[in-house]
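Hello,

Here is the structure I promised to pass on. Please have a look at it first; my notes follow below.

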Amino acid sequence: MPAASGVPPDPGVPLDPGGRPSGPPDPATPPVPGTEVRVLGIRHHGPGSARAVRQALEQWRPDRVLIEGPVEADPLVAFAADPDLVPPVALLAYRTDEPAAAAFWPFAVFSPEWQAVHWAARRGVPVSFMDLPAGMLLADETRSAPDGSEVRTDPLALLARAAGYDDAERWWDDVVEGRRAGDAFDTFAAVTEAMTAVRSDRPETDEPTLRREAHMRKVLRAAVRSGAARVAVICGAWHAPALAGTLAGRAPTVAADTALLRRRPAAKVTLTWVPWTHSRLSATSGYGAGVESPGWYRHLFTAGEHPLERWLTHTAGVLRRHDLPTSTAHVIEAVRLARTLAHLRDRPEPGLTEVVDATRAVLCDGNELAVDLVLRDAVVGEELGRVPDAAPMVPLESDLRATARTLRLKFEAAPREFTLDLRSATDLRRSHLWWRLRILGVDWATPAEVAGTGTFKEGWTVAWQPLLSVRLIEASVWGTTVAAAAARRLVDRAGSLSACTVAIADCITADLPAAMADLLARLDRFAAGTADVAGLLEALPALVRAQRYGTVRGSDTTAVAVVAQAVLTRIAAGLPAALGGLGEDAAREIRGPLEATHEVVPLLPAGAVRDGWYTALAAAGRRADLPPLLAGRIVRLLMDAGILPRAQAADRLHAALSVGAPAAEKAQWAEGFTAGGALLLIHDDALLGVLDVWVRSLTGEEFLEIAPLLRRGFGTFAPAERGNLLRAADALAGPRATAAGPAGPDLSRAGAVLATARRLLGSAP
């Protein structure tokens, strides 16, 4: 059985992985007297249409090919034969005076236009684009590149209802995209006839669409006048009737088309190839092309024999990579079920709906999370295209270089150190630029240490490397300017609560207000939809610090502060229950986020929300099932915040270290209480005395049991703190011995206790 990425079973030369004919170029068929025009009405990014186009071109061998697309892209056709131009890619047109005004024409390996371009390029057949100039589209910035969505009448829906289908997409897949046999020209003739019937019943009245068709006819007439014998036209199926009758007198006259195109404004534009991704082809992407299942479509186009079996085998591999067991028997049964579902639904072959249903039932056992993995990794199947180095510069790099000039920055290979003063407008803009580039993975500048103190200083090491030009091309899938691309990248990576808070911090640092509203909305949804208090505890500190740091950089963080308080409210509501009943390992894991949150709470505005945190912390501290490590830590946090008086804290410490609890639990309580520094014990004789009495009450066996636990807590103290604590312990021993008098304890035993204390604190004997 051939490989899954092998040759489709259509006649003609085989394809390489980039969708190109793999053999040597064939000579073009010599022109013959007269001119014959054949219009191939296709569906953009349709694998069946792409297969039929290639079959028709191989069978008919035209000597001129016209393709729906911006006419300014003709010079870029030469790159089509370059093996380094690998789909998915896109034609990108942008206004020379304003790169942010741009339009994209995406191509995948299963795009009919892509197959037509490569067929012609490999054989030396002249190929041209025939749609309206991109300059006309971008002269009015409110309009974007055409993708077929401008048609107000849905011809597929009308034809599907006539054929007895309730789903237009399913009908088109059955009659066109799923066809693997038969004459391609019969298919295109049927499509044109069907669209002619629809347009006769519901004539096109949309002026931009009529203008585009007028320009296509203009280019077609010019191709005929050039002496071409056979002209193949590849266009959207809706436009096929408007072009098929051009030479037969069934279309508007030359004068009518000229009048429609006269005096249309046009901007100066630049076009280039840029890499694209499968996810950008999906309808939910920023520059979507309406393809909801690009991975599935690519498989339909590239798979040879047994496409269903190959697909479900690939799906099983996706599940295994995620450690979900899937056997060959599962695959066999899924194939059987998919074919049965297709038969029951009167479909000639299983479509994506049947395949997903079979995958859900057999391979995933009804687990929707597993189905989501398949949809993401297989049905969409992220894939990044590649563009030759010789292609023109992308607008993202153009915008970067223009911005660098205004900021007096040079692209130099030698590293150069910068110390920015964020109170300076120029330095602040430089900081914004470098943080935005880091978000995009373009590390032109890397943060560096700054001597001295002050939040207004920021250090950078700047050096340009050739690899960064490639990174810019890759990052162009996110946008045409550095600011727009970084904003889009931030939103795209904010797929979880913790990732969203980090993205918000980066958004403030890089000054990307365009992304803030979306990020805050996502954060609010994540926070509202989770009962994971630990996750909220991990998310809040970054959010509060972002709000705090934003004020230093002059950013408006009012909305961030509101969301941070909302997150803190949710934490307070669930904190007592979340901390109760935890094991030792879980208690140690949540202790860090708990302390970090407590540290940033004072940075929020005073009021009910901030007070609610201390109330929740106190309520958690009163729980009987609270782990001793957290119980001691909460008492210390409340005491440090001034909520719990020292006398009460001493009473709780005394109670926790009294007879009754195991020595190990007492040690954990003491570890939690003493964490964070020894200054409290050094300067509070009452608290130190409680600890001293407890340690003296331990038996030899108990002391050996808890010594590692105590050393873990006391070992975090700085050397100077340990020395001061030892002296404080020595001071306690003196009054205690004097008060005891001659009948008291033997003073020689005090020396042994102090020696043990020195070992415990890590001090020299």
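C500 is buried, with a relative accessibility of 0%. Keep in mind that this is a predicted model.

I started with the cysteines. C507 is buried too, at 2% relative accessibility. Are C500 and C507 bonded, or too far apart for a bond? They are too far apart: the sulfur of C500 has its closest cysteine sulfur in C507, at 9.9 Å. A disulfide needs the two sulfur atoms within 2.5 Å, so the 9.9 Å between C507 and C500 rules out a bond. The count for the structure as a whole is 0 disulfides.

Next, a loop. E382 sits between α15 (368-380) and α16 (395-406). Is E382 buried or exposed? It is exposed, because its relative accessible area is 51% and the cut-off for exposed is over 50%. E382 still has contacts. Leaving out residues up to four places away in sequence, E382 touches T277, H278, S279 and R376. R280 lies 102 residues from E382 along the chain, yet their C-alpha atoms are 9.0 Å apart.

Now the whole chain. It has 33 helices and 10 strands. Of its 765 residues, 51% are buried. Take the contacts with a separation of 6 or more: 75% of them join residues 24 or more positions apart.

Over to you.

Best wishes

Notes
Residues numbered from 1 in each chain as written. Predicted model: local features only at pLDDT ≥ 70, side-chain atom pairs only at ≥ 80, totals over all residues. Heavy atoms only, no water. Helix = DSSP H or I, 4+ residues; strand = E, 2+ residues; numbered from the N terminus. Buried < 20%, exposed > 50% of the residue type's maximum accessible area, 1.4 Å probe, protein only. Contact = heavy atoms within 4.5 Å.
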